[in-house]
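Subject: Structure handover

Hi,

Here is the structure I promised to pass on. Please open it beside this email.

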Amino acid sequence: HSDFNVEMNFSGGQVHDLTVGLPPGLVGDPTATPLCTVAQLNSASHCPDQTQVGEVTAVANILSLPLPIEVPGRLFNLEPQPGEPARFGIVLTPPLLPAIVLQSAVNLRSDFGLDSVINDIPNTSIVDGDTTIVSQELTLYGSRPWMNKPFMRNPTSCDTKTTTISATPYSGADGSAQASFTPTNCGTVPFTPGFAATVGGPGQTTNGVPTTATTSILQDLGEAGLRKAVVKVPPDLNPNASIFFGQPCDQVSFIAGTCPPNTVVGSASAASPLLSQPLSGPVSLVSSGGQFPNLGLDLRGQLHLLLQGSIDIAGGNTVTFGDVPPGLPDIPIADFRLTFTPSPGLLGTSRDLCVGPPPIFHADFTGYNGATTSVDSPATVEGCGPVKKCKKAKKKKGKKKKQRAAESKKKKDKKKKGKKKCKKKKKKKGKKKR
């Protein structure tokens, strides 16, 4: 959770639009501080101090001044717009001049890296066109005392990482540059993912019926990112050949989010400590160009995440995520959940799941830090035992028995009362005779 620093130099004109491309795995946690509202950003006092997540310093030439001036600024954790993972509010305070307020959108790239985009950077301080930025230094904080947890998180793989910048001037040609760094000590980052599975449901446990199957990959916040996950489905569950070998969704439709309903076989969700709400969406069979289709996950929420996993039924019904480009993102995942539903019924039972030991799933995991681990996880089987209707029937029978017992008791009580009356009458008669 170290600070991340970028130094940029410009020549050939004033920058109008600027994009800073962070390498995959280098991410900020928008839940590390409260969020500043747009109204607060644009107010006279700007954002609260506890929402600051970085700082910026620009050096600019202003035509009416003999020397370049240094303009300090602060970066705030701004409320993101729909579909954005995060957004920055920027307040520059040039000496003796009004503050300059900007916003920077944060976008997710196809390689799971983040772009910070600033548009419409002003070129005026006193008169039109008098300002030209010649350099800028940007720092994103790793952690600060006012934060409830660290903000920046370094990549968990020790491959070389490249940061890029691209700039569009008010006039002239676009420019770009890049610089690289290499993380260290990735092997010290923990990697202990867990795995859980649930199968069955009411009427879904007997042999040869479609069934629900849910698998979950679980991680803690401080773990290395998950580079690859291979899950072997137990032989107690078999794929439905008519669905599996049906017409899959094509790649173009999957990327566009328009897969036909008949290709949807379940749902998925991904919860991360970096997101306020889990991402969720449908799971479709997608054309792989090979013998077997891929599993395509169209996850939506604060950001749009498209993931694909390969399927191999020849090697024992395995599903692998991380081998289909662009793979899995190097971010902390709290719960990565995949559910196959009984309708249309991609998976079916090959035995009575309520008899004998539960199905055992096997999972192999590889972290971005190079660590590996394996898990054998017995599934929780739902839908076994008496159903609710039987219990209700038993309750009704019990009520009837109680009613019958009460009625027979009443009859006995009446008989006893009748006998007592007869005895009293006999006694009275006996008295009269005397």
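This is a predicted model: local features need pLDDT of at least 70, side-chain atom pairs count only at pLDDT 80 or more; totals for chains, interfaces and linings use all residues.

Disulfides

The structure holds 4 disulfides. Counting bonded cysteines along the chain, the pattern is 1-2, 3-4, 5-6, 7-8.

Start with Cys-36 and Cys-47. They are joined by a disulfide, with an S to S distance of 2.0 Å. The torsion about the S-S bond is about -75°, so this disulfide is left-handed. The pair ties together distant parts of the chain, 11 residues apart. Cys-36 sits in the loop between E3 and helix H1 (38–41). Cys-47 sits in the loop between H1 and strand E4 (52–62). Cys-36 and Cys-47 are both buried.

Next come Cys-158 and Cys-186. Their sulfur atoms are 2.0 Å apart and form a disulfide. This link is right-handed, with 105° about the S-S bond. Here too the pair links distant parts of the chain, 28 residues apart. Cys-158 lies in the loop between E10 and strand E11 (161–169). Cys-186 lies in the loop between strand E12 (175–181) and E13. Are these cysteines buried or exposed? Cys-158 has 32% relative accessibility, so it counts as partly exposed. Cys-186 has 6%, so it counts as buried. The cut-off for buried is under 20%.

Then Cys-249 and Cys-259. These form a disulfide with sulfur atoms 2.1 Å apart. The link is left-handed, at -80° about the S-S bond. Cys-249 is in the loop between helix H2 (241–244) and H3. Cys-259 is in the loop between H3 and strand E17 (264–271). The two are 10 residues apart, and the pair links distant parts of the chain. Cys-249 is buried, with a relative accessible area of 1%.

Strand E14

Now look at E14, residues 213–218. Of its 6 residues, 5 are buried, so the strand is largely enclosed by the rest of the structure. Which strands pair with E14? One is strand E13 (residues 194–200), antiparallel over 6 bridges. In that pairing, Ala-197 stands opposite Thr-215 of E14. Another is strand E22 (residues 335–340), also antiparallel and joined to E14 by 6 bridges. There, Leu-218 stands opposite Asp-335 in E22.

The largest pocket holds about 430 Å³ of space. It is lined by 23 residues, and the closest to its centre are His-1, Arg-153, Asn-154, Thr-156 and Val-189. Strand E3 (27–28) and strand E10 (152–153) are the elements that give two or more residues to this lining. By class, the lining of the largest pocket has 11 nonpolar, 8 polar and 4 charged residues.

The second largest pocket has a volume of about 270 Å³. Its lining has 19 residues. Closest to the centre are Arg-109, Ser-110, Phe-112, His-304 and Leu-306. Which elements give two or more residues to the lining of the second largest pocket? They are strand E7 (100–108), helix H3 (251–256) and strand E20 (305–312). E20 gives the most, with 4 residues. The lining of the second largest pocket divides into 12 nonpolar, 5 polar and 2 charged residues.

Best wishes

Conventions
Residues are numbered from 1 along each chain as its sequence is written. Side-chain values use heavy atoms; hydrogens and water are left out. On a 1 Å grid over the protein atoms alone, a cavity is a set of points where a 1.4 Å probe fits but cannot get out, and a pocket is an open set with protein on both sides within 12 Å along at least five of seven lines; lining residues have an atom within 4 Å of a point. Grid points are joined across faces, edges and corners, and a volume is the space filled by probe spheres set on the points. Ala, Val, Leu, Ile, Met, Phe, Trp, Tyr, Cys and Pro count as nonpolar, Asp, Glu, Lys and Arg as charged, and the others, Gly among them, as polar. Buried means under 20% relative accessible area, exposed over 50%, partly exposed in between (1.4 Å probe, protein chains only). Two strands pair if DSSP finds at least two bridges between them. A disulfide is a pair of cysteine sulfur atoms within 2.5 Å.
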